[in-house]
Amino acid sequence: MRKGRYIARTMLFALAAVFAVGFLLPTVLTVTNSFMTQSEIDANYGMIFRDARGAGNRGYVADSVNLKIIPDRVSFSQYATALFRSPEYLLKFWNSVILVVPIVVGQVGVAAFASYSFSRYQGRLKNLLFFSYIILMLMPHQVTMVPNFLVAEWTGLLNTRWAIIFPGTFAPFSVFLLTKFMRRIPTSLIEAAKLDGANEWKVFTGICLPQCRSALYSIAILVFIDYWNMVELPIILLPDSEMQPMSVYLATINASEVGVAFAVAVVYMIPPLLLFLHGEEALVEGIAHSGSVKG
């Protein structure tokens, strides 16, 4: 029995290691290749990028690809180009920041007020509205893209940052997740505060929000990562390429600047990675507790 369990655990560990390597390999290659020279990248992956840009054989790469993890010569020229020599990359990076930060702040704020209402008050209208939030949450961006475009065009917000910020601020995902978390707060705690003379605002700011700190942080991380990587909405709602974020611009970098694309991708990974590492415990706790009580 012990030998069988040991073999099973070993096989599961090996399988998990294979999956871990498969998940991490693209990130590792992106980081290491960002320190390669452009000539070395062309020698290793040139046929892929030429094929992707329409030259050479289409749809099939006959030659083998040399996946190199350690560069022959470490070069920082790509980072110098991305950070200092070409302001276009920094402009796209700050476009992403200008779009995503207001969405995160606004969506967390709207979710806090809406979730408090959903968790504190009962009624058929409230249940119907919350059910509508769940239905909207299940819809992908592709389904609501055309209505968002029509509304943005009708209100005159098309090709402005508000066309992205407004729909993101009122997205239903945060409301659903935070409502599930607020329902964990004991009713006796709120009633005790009421007996001490606390009004609704005091209950909301002094009891509910401090109790939901981990959930708020986890929601902020998830929303940031989601909108930091958005592609479809900026393409449709921001026709002006000068206003589009880095997530869209990365796909348009020329084949002759693949090394710079690797460097920009590494820089673009840093904010969500730091945010995740800083709030990993809060993220896990918020998601786990949000699903621990039935709505």
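Let me start with the lining of the largest pocket: 22 residues are nonpolar, six are polar and one is charged. Nonpolar here covers Ala, Val, Leu, Ile, Met, Phe, Trp, Tyr, Cys and Pro, charged covers Asp, Glu, Lys and Arg, and polar covers the others, Gly among them.

This is a predicted model, where local features need pLDDT of at least 70 and side-chain atom pairs count only at pLDDT 80 or more, while totals for linings use all residues. Residues are numbered from 1 along each chain as its sequence is written.

A pocket is an open set of points on a 1 Å grid over the protein atoms alone, where a 1.4 Å probe fits, with protein on both sides within 12 Å along at least five of seven lines; lining residues have an atom within 4 Å of a point.

The largest pocket has about 670 Å³ of volume, the space filled by probe spheres set on the points. Closest to its centre, of 29 lining residues, are Thr144, Pro167, Ala171, Pro172 and Tyr227. Helix 6 (141-155) is among the helices that supply at least two lining residues, and helix 6 gives the most, seven. Helices are DSSP runs of H or I, at least four residues, numbered from the N terminus.

Now the second largest pocket, at about 290 Å³. Of its 15 lining residues, Ala265, Tyr268, Met269, Ile270 and Pro272 are the closest to the centre. Helix 14 provides the largest share of this lining, seven residues.

Where does the second largest pocket lie? Domain 1 (2-81) and domain 2 (85-289) both give residues to its lining, so it lies between them. Those bounds come from an automatic or database domain assignment.

Definitions and conventions: Heavy atoms only, no water.
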